[in-house]
Amino acid sequence: MKNTFLNIFISFLILMVLSLILFPKEALEAAKGGINLWLFTITPSLLPFFIGSELLLQLGVVHFLGTFLEPIMRPLFNVPGSGSFAMAIGYTSGYPVGAQVISRLWEENLCTTEEAEKLMSFCNNSGPLFMLGAVAIGMFGSPKAGYIIMASNYLAAITTGLLFRLYKKNSYKKSLSTKNLLNAAIKKMYYTREQNKKSLSTILSEAVSKSTNTIIMIGGYVILFSVVIEFLKLYKILDFLSYFISPIFLLLGFDKSLIPAFLSGFLEITVGSNLISQVSAPLEQKVVLVSAIIAWGGISIHGQVLGVIAKTKIKYLPYFIAKTIQFFLAALYSYWLLSVIKIQEENAISHVFNLYTYKNSWDIFQFSSIIFIIVTLTILLFAIAIKQYLQQH
């Protein structure tokens, strides 16, 4: 089986090299599009979360939160309290920050391998900046559609997390006592800081260095899959696959003109969401499909996740199964929300969202930084509120 996959991969590489020779202009344009998307959109939106989460880990703040929120995360998801940090960051940042935070929790021994796999099932998601900003407003011109997409994705992720609570249940660990929780949390943070002999400048330098390496890896995947999608179009492979999928679309009552765009989204969600928004089809159908492919993440995101967890013992298969479940759940949730919240076709502004003219990268960076700070402060306040509640009960 291993040799079979290796042969397929080698064949794919040979085809890619030949395609670069046969279609140099198309490959260059696709690569340029991927570079622009990565440089002006992905990097400024994700970098603050990478650097910030690394600093909080090194300074022991995540250890503090983990001890505080153990009584909440353990009963709900059967994961340690430190998972609350991964959950909050994963729901507010975007792919693949959640996976990066979880891998760091594993490296810092803040969760076991089984617990990390549970966290991966529901803590690595698309962020509101992408769903509300780029997709809803930039592509669909309808904020209401963005709220439906975001709600269906978060509901699907939480549902999957609750389902995965039963995954390797024997890995359950007894929760910490709720008595003297504040003292235990402070001691944990102090002990972590004492163990880390590095200076603040060294910690900051390492945080920036690790974050930059991760961003560069993500950029490589984005550029690669931008070129792959272009080749799939040139070789009419998407059209070939559309022929087999069309009966399913017709059975579900979906416009079959959405299939090529949907398949593109199955590979890369930004490109796919943009193409789906441009198809002349009912808005409800487009929202359902976009919700599904964003929950799935796209092959490009799956590749990025594999790169993030490559140096850990975290298995990819549970993540793949979880995202597949989220794919169907997000579609069902968005369908149900659309039956309750009506979106009129005329409310959507049909226009093309240009991936190559994002010149507000500094504004995205600032907004992303503000979101990270708000999320961190919110988690701290929530932890204090939990402590007060436990003391009173």
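Colleague: Is Asn 78 buried or exposed, and what is its relative accessible area?

Modeller: Please bear in mind that this is a predicted model. Asn 78 lies in the loop between helix H3 (61-77) and H4. A residue counts as buried under 20% relative accessible area. Asn 78 is therefore buried, as its relative accessible area is 1%.

Colleague: What is the phi of Asn 78?

Modeller: Asn 78 is a residue other than glycine, and its phi is positive. The value is near 55 degrees.

Colleague: Where does Asn 109 lie, and is Asn 109 buried or exposed?

Modeller: Asn 109 is found in the loop between H5 and helix H6 (113-120). Its phi is also a positive value, near 60 degrees, in a residue other than glycine. The cut-off for an exposed residue is over 50%. Because the relative accessible area of Asn 109 is 69%, Asn 109 is exposed.

Colleague: Which residues does a cis peptide bond join?

Modeller: The bond in question has an omega of about -15 degrees. One of its two residues, Pro 96, has its place in the loop between helix H4 (83-92) and H5. The residues joined by this cis bond are Tyr 95 and Pro 96.

Colleague: Which residues does Gln 100 touch, leaving aside those up to four places away in sequence?

Modeller: Gln 100 belongs to helix H5, which covers residues 97-107. Its relative accessibility is 12%, so Gln 100 counts as buried. With residues up to four places away in sequence not counted, Gln 100 touches Phe 50, Thr 214 and Val 308.

Colleague: How are H2 and H10 oriented to each other, and what is the handedness of their crossing?

Modeller: The axes of helix H2 (residues 24-58) and helix H10 (residues 200-234) come within 7 Å and cross at roughly 150 degrees. Angles over 145 degrees count as roughly antiparallel, and H2 and H10 are therefore roughly antiparallel to each other. By class, their contact has 24 nonpolar, seven polar and four charged residues. As for handedness, the crossing in which H2 passes H10 is right-handed.

Colleague: How many disulfides does the structure hold?

Modeller: Two cysteines may be considered here. Cys 111 is buried, because its relative accessible area is 7%, and Cys 123 is buried as well, with a value of 0%. A disulfide requires a pair of cysteine sulfur atoms within 2.5 Å. The number of disulfides in the structure is zero.

Conventions. Residues numbered from 1 in each chain as written. Predicted model: local features only at pLDDT ≥ 70, side-chain atom pairs only at ≥ 80, totals over all residues. Heavy atoms only, no water. Helix = DSSP H or I, 4+ residues; strand = E, 2+ residues; numbered from the N terminus. Buried < 20%, exposed > 50% of the residue type's maximum accessible area, 1.4 Å probe, protein only. Contact = heavy atoms within 4.5 Å. Axes fitted to C-alpha atoms, helices over the stretch in contact; angles between N-to-C directions. Parallel < 35°, antiparallel > 145°, perpendicular 65-115°, else oblique. Left-handed = near helix turned anticlockwise from the far one by under 90°. Nonpolar A, V, L, I, M, F, W, Y, C, P; charged D, E, K, R; others polar.
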